[in-house]
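Have the sequence and the 3D view ready.

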Amino acid sequence: MPRLDSAAILQGRRSRYSATLFLGTTLSVVCMIGMFVYLWMLALAGGEAAGIDGVTGFVISVVAAVVPVTILIPLILALDRLEPEPRSVLFFAFVWGAGVAVVASLLLNAWGMRSIAEPLFGAETGGVVTTSVVAPVVEESAKGAVLLILLWRRRYEIDTFTDGVVYGGMVALGFAFTENILYFLGAFFDGTLVATFALRGLVAPFGHPLYTAMLGIGVAHAALSTGRFRLLAPVVGWCAAVLLHGLWNTSAYFGWAGLVVIYLVLFCVLLGILVLAARDRRSQITAIGRYIPPYISTGLVFPADITMLSSLSKRRHAREWAGRNAGRKGRAAMKDYQLAATELALLHQKIDAGRPRQDWKMRRDAYLALMHVARDTFLGRAPSPVSPGWAEKPDDSGFLRRADFAHVIAQAQAQQEHVPRSGQRGHR
């Protein structure tokens with residue numbers, strides 16, 4: 001059975017490994033570890049001053065900060081289940097928020113208060129200005145930097161506006177995770193941990209993800225659009241993120257009335273994101289129904305597959321069937337098949353929208369090669385006609401017709417090995 005790097009193919013790259021991703025993730029993890037050391041030292045110093053166990057306070061603060069993260073990450077990822085983003089890139093975004101963004105914000109917020117806000121407005125008013133203006137500008141800029149890196153280095157990874165929301169949400173959750181440890185640690189020593197956890201962990205854990213999602217949408221627009229002013233979209237998204245963040249911080253000065261108003265605003269923003277995600281999912285399903293049927297003649301796709309690919313529940317049932325038919329490898333192969341077919345449909349959608357990749361023919365053939373190898377894997381060695389569990393009728397699948405994909409597979413392997421091959425035509 002030919003071996004292909006499915007992760008690299010699905011990411012539209014020659015290799016899954018990237019120097020930018022490796023260096024960025026390494027820097028982020030180092031910064032995150034540095035922040036944990038700093039928080040540990042604060043816990044020890046605070047415990048000594050208060051005459052209580054600082055280590056216990058640190059552990060409790062970390063556990064409390066983990067709670068909202070474990071709840072929100074699955075909810076954010078659920079927005080984009082048809083074409084999920086690479087785990088390595090999602091991890092990079094999260095640790096950037098938990099490391100680089102927090103360190104930069106901690107330093108710049110302190111500098112902004114000392115050097116700008118307090119000299120211009122005095123100590124009391126300067127504190128308000130720092131909270132309402134300086135902090136939102138600094139923090140959304142620090143979080144948003146990773147989205148600009150993704151726009152620069154991983155533009156073709158962003159297929160929908162929902163992708164921008166997901167990446168924005170992940171970096172924001174990382175930021176909120178580390179920031180919450182700091183707040184919970186202070187509250188532990190003040191005796192207000194329960195109230196602080198209720199506010200930051202239960203009542204308003206979605207604040208940061210909603211703010212940075214605005215910038216994520218702007219970055220997605222820049223990646224998806226071909227207009228002259230597309231690069232202004234991230235600026236508009238950044239302004240919206242700063243505005244929402246500033247409104248939330250300012251609402252604290254207006255008591256319950258301010259809290260109710262900002263909650264209504266954020267609720268409307270959340271509804272808008274859900275509508276956007278639903279629209280993107282319908283667009284992906286439409287693309288599958290439009291661009292995958294022409295490949296039925298290759299023997300890689302059957303009418304039942306189109307139905308299966310257009311439904312999350314049928315995709316899950318298909319993976320379960322593949323697991324029963326060909327074991328763990330079969331289940332993984334079915335997942336690769338589903339993702340490759342979805343990426344193939346989105347590739348054609350981009351071409352029709354006037355946003356083709358220069359190497360789109362190689363990308364198309366790589367997806368076809370992966371679908372071919374994956375289909376052979378999840379079908380196993382069945383000697384008779386196969387009727388997968390997702391088929392609506394027993395005869396929907398029919399016999400597997402083996403088109404000659406040797407040249408397609410060889411081309412995909414050569415691309416990953418950086419071996420140029422000429423004179424090969426893509427399968428149409």
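## A cluster of rings

F36, W40, F58, F94 and F177 come together as one aromatic cluster. Rings of Phe, Tyr and Trp (its six-membered ring) pair if their centres lie within 6.5 Å; planes under 30 degrees apart are stacked, over 60 edge-to-face, and the rest tilted. By that rule, the count is eleven aromatic pairs.

This is a predicted model, so local features need pLDDT of at least 70 and side-chain atom pairs count only at pLDDT 80 or more, while totals for chains, interfaces and linings use all residues. Residues are numbered from 1 along each chain as its sequence is written, and side-chain values use heavy atoms, with hydrogens and water left out.

W321 belongs to helix 12 (residues 312–352) and F378 to helix 13 (residues 360–379), so the pair ties together parts 57 residues apart in sequence. Helices here are DSSP runs (H or I, at least four residues), numbered from the N terminus.

How buried are the two? W321 is buried, at 11% relative accessible area, and F378 is buried too, at 0%. Buried means under 20% relative accessible area, exposed over 50%, and partly exposed in between (1.4 Å probe, protein chains only).

## Charges over rings

The charged end of R200 sits over the ring of Y183, 4.0 Å from its centre. For R155, the charged end sits over the ring of Y156, 6.0 Å from its centre. That wording requires NZ of Lys or CZ of Arg within 6 Å of the ring centre and within 35 degrees of the ring normal.

How values were computed: Helices (H or I, at least four residues) and strands (E, at least two) are DSSP runs, numbered from the N terminus.
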